[in-house]
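Dear colleague,

Please find below the structure that I am handing over to you. My notes on what was found in it follow directly after.

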Amino acid sequence: MWEGRFITAKTRGRWEYVGRARGIRAAAIIALDRDPDGTRHVLLVSQYRVPLGRFSLEIPAGLVGDDEGKQGEDATLAAARELEEETGYRAGRLEVLGEFYSSPGMVSECFTLLRARDLEKVGDGGGTEGENIIVHRVALHDLSRFVAEWRRAGHAVDVRIAMLLTPEYLGED
């Protein structure tokens, strides 16, 4: 029906949906950090999302193969780049957890979910120019309260945050 630089509106029979243009995919990262005392943290990001008209709390994520000449880019390499751009942390280990779909009734996009560990702070993060990403390093034992406060403030919460509330995706060291 319509194609832009990053998305395409499609129809199949009577069904209307949106997909990524040019085979672009996404990578999303569960980034886990540990203090010297053993306290585990997760890195979250927030930024204003135009489609929602408000700020959204999310796990770090970004597009795979969206830049010219990067078609066929490996999701792990893209995830490492996006993690550092958005959060200022570099992962010592990245583990692929699989491919997932966030809203299969209206969006055909899938994303590769990765778990990042052995994090090293190498910069400020914040994303690329104009993204204005805010980094949140949240203790896992405080995550439910943090998310509840975020929602009470009227902000959006990405569905992938729910995965952080289950031990299977956090993984124990």
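Y48 is partly exposed, at 44% relative accessibility; the class covers the range between buried (under 20% relative accessible area) and exposed (over 50%), with a 1.4 Å probe and protein chains only. F55 is likewise partly exposed, with a relative accessible area of 34%, and is found in strand β6 (residues 54-58). Strands here are DSSP runs of E with at least two residues, numbered from the N terminus.

Please note that this is a predicted model, in which local features need pLDDT of at least 70 and side-chain atom pairs count only at pLDDT 80 or more, while totals for chains, interfaces and linings use all residues. Residues are numbered from 1 along each chain as its sequence is written, and side-chain values use heavy atoms, with hydrogens and water left out.

The structure holds three aromatic pairs, that is, rings of Phe, Tyr or Trp (its six-membered ring) whose centres lie within 6.5 Å; planes under 30 degrees apart count as stacked, over 60 as edge-to-face and the rest as tilted. One of them joins Y48 and F55: the ring centres are 5.7 Å apart and the planes stand at 75°, so this pair is edge-to-face.

Together with V50 and I134, Y48 and F55 form a nonpolar patch on the surface, with about 400 Å² of accessible area in total. Such a patch joins nonpolar side chains (Val, Leu, Ile, Met, Phe, Trp, Tyr) within 5 Å, from residues with over 30% relative accessible area and no salt bridge; a salt bridge is a side-chain nitrogen of Lys or Arg within 4 Å of a carboxyl oxygen of Asp or Glu. Accessible areas come from the Shrake-Rupley method with a 1.4 Å probe, and for residues only the protein chains shown count as cover.

Strand β5 (residues 40-49) is largely enclosed by the rest of the structure, because eight of its 10 residues are buried. Strands pair if DSSP finds at least two bridges between them. β5 runs antiparallel to β4 (residues 25-34), with four bridges, and A31 has L43 as its bridge partner.

Note on methods. Patch = residues over 30% accessible without salt bridge, like charges linked within 9 Å, V, L, I, M, F, W, Y side chains within 5 Å.
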